[in-house]
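This report goes through one protein chain, part by part. Please look at the sequence and the model first, then read on.

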Amino acid sequence: MSQGQNFGGRRTFLKRGAIGVVGLGITTRDLFWQTKLAQAAELPAALSPDAALQKLLEGNQRFVKQESQHPHQSQARLLEVAQAQHPFATVLSCADSRVPAEILFDQGIGDIFDIRIAGNIATPEAIGSIEYAVGLLGSPLLMVLGHERCGAVTAAVQKEALPGDISTFVKAIQPALTGLEKPTPDGIDRAVTANVHYQIDQLRRSSLLAERLQSGKLKIVAGRYDLDTGTVTIL
């Protein structure tokens, strides 16, 4: 099946769904959501997964060299993506304030579907968000991005009691750390890498993502961000 046919089929499915729910008493708000999904699905994928990865890494190199171009941040870009979005990459990264994906990859509005959560963990909500970006918006690249000296990973390694719901993301990281060393700087860095790969393993359990991977329409990569240099390295 061609890409155009694939998106056409998705639009048909969404439109039929919108018609069908009227008889079930679905609200106007639900119909509005269906319409938004159909609009988002209308944009064809412009980049291959490999080309999307290259675009991200080239943007990161500009950032590192202090040659950022700050693309897609104009009023014209706002209008261009106001009714529909088609991000060329999806990034699951840490909520750390020093790791803003659009800045460190030198991208703009509508370029990256940015999912940020402490420890870049693949919670059900994060997975659902990624499935939306990949399945409905056609994003061809998914990067799980860990970073140097991650506080969430450090907390998981140290296994200390934590207040409130902070312990929830620590529990989501700890299965990745089996057999790793104590929290030395090198040990923490290895734990960051192990956690990225573990979260990717969780994402691969998604049938939607697995289907896109098998068809070659999606690439999943592991990345590490260096806080000192600004460099993103593919693991």
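Helix H7 (residues 151-158) and helix H8 (residues 166-173) pack at an angle of about 75°, with their axes 9 Å apart. Axes are lines fitted to C-alpha atoms, for helices over the stretch in contact, and angles run from 0 to 180 degrees between N-to-C directions. H7 and H8 are therefore roughly perpendicular to each other; angles under 35 degrees count as roughly parallel, over 145 as roughly antiparallel, 65 to 115 as roughly perpendicular and the rest as oblique. On the H7 side the contact is made by Ala152, Val153, Ala155 and Ala156, and on the H8 side by Phe169, Val170 and Ile173. Contact means heavy atoms within 4.5 Å. These residues divide into 7 nonpolar, no polar and no charged. Here Ala, Val, Leu, Ile, Met, Phe, Trp, Tyr, Cys and Pro count as nonpolar, Asp, Glu, Lys and Arg as charged, and the others, Gly among them, as polar.

Because 6 of the 8 residues of H7 are buried, this helix is largely enclosed by the rest of the structure. Buried means under 20% relative accessible area, exposed over 50%, and partly exposed in between (1.4 Å probe, protein chains only). The buried residues of H7 are Ala152, Val153, Thr154, Ala155, Ala156 and Val157. Just after H7, Lys159 takes a positive phi of about 55°.

## Basis of the model

This is a predicted model, in which local features need pLDDT of at least 70 and side-chain atom pairs count only at pLDDT 80 or more, while totals for chains, interfaces and linings use all residues. Residues are numbered from 1 along each chain as its sequence is written, and side-chain values use heavy atoms, with hydrogens and water left out.

## The chain as a whole

The chain has 10 helices and 5 strands. Helices (H or I, at least four residues) and strands (E, at least two) are DSSP runs, numbered from the N terminus. Of the 235 residues, 44% count as buried. Among contacts with a separation of 6 or more, 74% are between residues 24 or more positions apart.

## Nonpolar cores

A nonpolar core is a set of buried Ala, Val, Leu, Ile, Met, Phe, Trp, Tyr and Cys residues joined through side-chain atoms within 4.5 Å. The largest one has 21 residues, of which Leu92, Ile130 and Leu203 touch the most other members. Strand S2 (112-116), helix H6 (124-136), strand S3 (141-147), H9 and strand S4 (219-225) each supply at least two residues of this core. H6 gives the most, with 7 residues.

Beyond its neighbours within four places in sequence, Leu92 is in contact with residues including Ile115, Ala126, Ile130, Val144 and Leu203. Apart from this core lies another, of 18 residues, among them Val91, Val99, Ala101 and Leu104.

## Single residues

Gln202 is in helix H9 (residues 185-203) and is buried, with a relative accessible area of 15%. Ile234 is in strand S5 (residues 232-234) and is partly exposed, at 34%. The C-alpha atoms of Ile234 and Leu57 are separated by 9.2 Å, although these residues are 177 residues apart along the chain.

The loop between helix H3 (49-64) and helix H4 (75-80) holds His70, and His72 is found in the loop between H3 and H4 too. Phi of His70 is near 50°, a positive value in a residue other than glycine. His72 has a positive phi of about 55°. His70 is exposed, with a relative accessible area of 52%, and His72 counts as partly exposed at 31%.
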